[in-house]
Amino acid sequence: MTEKFLPVQDYLPDSGTYELLPFKFEPVGADEVILTNLTGEFLYLKREKLDSLVSHRLAPSDADYRALRARHFIRQPNDRATLDLLALKTRTRLSRLANFTNLHLFVVTLRCDHACHYCQVSRQSEDRQSFDMSEETADRALDLVFRSPNPAIKIEFQGGEPLLNFPLVRYVVEKAEQRNRVERRDLQFVVATTLSMVTDEILEFCRVHGIHISTSLDGPEDLHNRNRPRPGRDSHRKFTDGLKKARDVLGYDAVSAVMTTSPASLPRAREIVDEYIEHGFDSIFLRPLSPYGFAIKTKSYQAYDAGSWLEFYRAGMDYIIDLNKRGVRFVEHYSSVILKKMLTNDDPMFVDLMSPCGAGISAVVFNYDGDVYASDESRMLNEMGDATFKLGNVHSDSYRDIFASDALLSVLEDSFASSAPMCSDCAFEPWCGADPVFHHATQGDILGRKPESEFCKRMMGMIRYLLDVMRADPQAKSIFMTWVNS
C-alpha cells in the first residue's frame, strides 16, 4: 500500500538545524558574495550572512534561509527529497554525455581561395589536389561515424574551402544517406564555406538533401576584405552574392554566419553587429582568435589579449541588449551558451565549455589524410607539428583503438574542471568548462595555469559581465531568458 502523505515530522516547524550542501562562493563587491552549487544555481549573500550560514546560525525565519533551502544550498534533517533533487538535476545536466559523439567534421580539403591572416588552418593553394580527401578515406571515416551510439549524427564539411572538393561532399552525403536507411539516425549535414565558390548546381544539391550552410562574415566590406583577402580583393562582394543565392534556394533558416575578431575588429563592435542585421541575420557569435595555424605564424593571435577582447565583447553586448529593448531580436551565441548553463538546468554541450571537455566525446575530426583528432583545434595543433591530440588514422585503427586511445582518455581525465586546481574552488566553474587543447597550445600544460590563462580571464570577464547586467537590469535578464528558452 502506497503512503498518501509524508510523515508528520515533515510538516513540523523548522527547527533551525541544517546541513550545508556543496557550494562555492566568489566576492562580487565589498560586502557581498555569490554562491553557486553543483547544478549552477546561484544566490547573492551579504558577507555577514555567509558567516552566519557557515556557522549554522542562520535563522529559518530569514528570507535568505528559505532561498538557500529552495536552491539546494542547505538541507534540514527531515529534507528527504533535497539530495534526490540535487542528484536528478546533476544527472540531467550531464545526461547528453551518454550519447557520445554527435558532431563529425570531415576536412575534405586544405585548399582555399582565401588567405586570411588569422586563419587557424594550415591552408594550401587551390591547385594542390594532394590535400584532398579521397573516397576511400571518406568510406572508412563513415564506418566510424555510424559506430557512434548517438541517435543524432551531424556531419560538417570543412576545409580549407570544402566547395573546392565538392564531388567528395556529394559522395559522402549520398553514402551517408544510403547507410542511414538502415541506421535510421537523425542525420544532418552542414557545409562550412565562404560562399565564394558556390554555384547553382551546388545549391540545388544542398536543397534536395537538406544541407545547411555555415558561412563567414567579419563585418563591413572594408573590414571583411581586410580580414579575408582573396585574389581580386572582393571577398565581401563574393560573400553577399553567394548569400543571396543560397537564401533564394535554401531559405533564410538554412544559412548561418560566424565572425572572427581580428585586431582591426576591436573598435568596431557596433558596426559588425549592424552588418549582420543589414544582411538579415538575427544572431552573431563574437568569436575571439585562437592560437593555432596562421594566426600564430602571422602574429595575429598575439595582437590583442583577453582584456582587449572583453572590451570589444562588452561594447557589442551593450549594443545588442539595447537593440533587443528596442524590439530588434538579436542573439549573441557565446553569451547564450553560458546563460543557458546559468539560467536553466540544461547544458548545450558546446565543445569548448564542457567538463569533461567535449574533445572526442562530443565532436571528432576526420582529416583529409585519414588522421583522426579529438577536436578541430587538435587538428590545427597537429599542423603546427604537435601530435599530442591525434587519436589515430581511419586506415590503420579501429573504432576502439581511436576512442579508447590514451590520447583521448588522458585528456578527458584531466579535463574535469570541478577537480582541477583553482577551478575546483571557483564559483563560476559550473558555467565554465575545460579547454585542454588551448592550455596545451599556450602553456604546454593540459590543465593550464589558471592565473595566466587567457581562456580563464576571458570566461571570468564574460560571466561577471552577464551577472552584473542581470542584477542591474531586470529587462535585460528577461531578454536573456528568451534567448535560452527559444
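**Group meeting: a walk through the predicted model**

I will start with one residue. His224 has a relative accessibility of 2%, so it counts as buried. Bear in mind throughout that this is a predicted model. His224 sits in helix H7, which covers residues 221-227. Which residues does His224 contact, once neighbours within four places in sequence are left aside? They are Ser216, Leu217, Asp218, Gly219, Ser235, His236 and Phe239.

Helix H8 spans residues 235-250, and it packs with helix H6, residues 200-208. In general, two packed helices are described by the angle between their axes and the distance between the axes. For H6 and H8 the angle is about 35 degrees and the axes are 9 Å apart. Their crossing is right-handed. On the H6 side, the residues that meet H8 are Asp200, Leu203, Glu204, Cys206 and Arg207. On the H8 side they are Lys245, Ala246, Val249 and Leu250. Sorted by class, this contact has five nonpolar and four charged residues, and no polar ones.

How many of the eight residues of helix H13 are buried? Seven of the eight are, so H13, residues 376-383, is largely enclosed by the rest of the structure. The buried ones are Asp376, Glu377, Ser378, Arg379, Met380, Leu381 and Asn382. What covers them includes four strands, namely S6 (103-107), S7 (152-158), S14 (363-366) and S15 (371-373). Helix H16 (436-443) is also part of that cover. After H13 comes Gly385, which has a positive phi, near 100 degrees.

Take Phe366 as the example. Not counting residues up to four places away in sequence, Phe366 touches a list that includes His104, Leu105, Phe106, Val107, Met133, Val372 and Val394.

Next, a sheet. Strands pair through backbone hydrogen bonds, either parallel or antiparallel. Here three strands form an open sheet in the order S2-S3-S4, with antiparallel pairing. Its edge strands are S2 (23-27) and S4 (42-46), each pairing on one side only. From one strand to the next, the twist averages 30 degrees. Strand S3, residues 32-37, is joined to S4 by five bridges. In this pair, Thr36 stands opposite Phe42 of S4.

Which helices pack on this sheet? One is H2, residues 63-70, which touches S3 and S4 and makes about 155 degrees with the direction of S4. Another is H17, residues 454-472, which touches S2, S3 and S4 and makes about 75 degrees with the direction of S4.

Last, a residue from a loop. Cys423 lies between helix H15 (406-413) and H16. Is Cys423 buried or exposed? Its relative accessible area is 15%, and the cut-off for buried is under 20%, so Cys423 is buried. Residues up to four places away aside, Cys423 touches Lys24, Ala417, Glu429 and Lys450. Between Cys423 and Leu21 there are 18 Å in space, C-alpha to C-alpha, and the two are 402 residues apart in sequence.

How values were computed
Residues are numbered from 1 along each chain as its sequence is written. This is a predicted model: local features need pLDDT of at least 70, side-chain atom pairs count only at pLDDT 80 or more; totals for chains, interfaces and linings use all residues. Side-chain values use heavy atoms; hydrogens and water are left out. Helices (H or I, at least four residues) and strands (E, at least two) are DSSP runs, numbered from the N terminus. Buried means under 20% relative accessible area, exposed over 50%, partly exposed in between (1.4 Å probe, protein chains only). Contact means heavy atoms within 4.5 Å. Two strands pair if DSSP finds at least two bridges between them. Axes are lines fitted to C-alpha atoms, for helices over the stretch in contact, and angles run from 0 to 180 degrees between N-to-C directions. A crossing is left-handed if the near helix is turned anticlockwise from the far one by less than a right angle, and right-handed if clockwise. Ala, Val, Leu, Ile, Met, Phe, Trp, Tyr, Cys and Pro count as nonpolar, Asp, Glu, Lys and Arg as charged, and the others, Gly among them, as polar.
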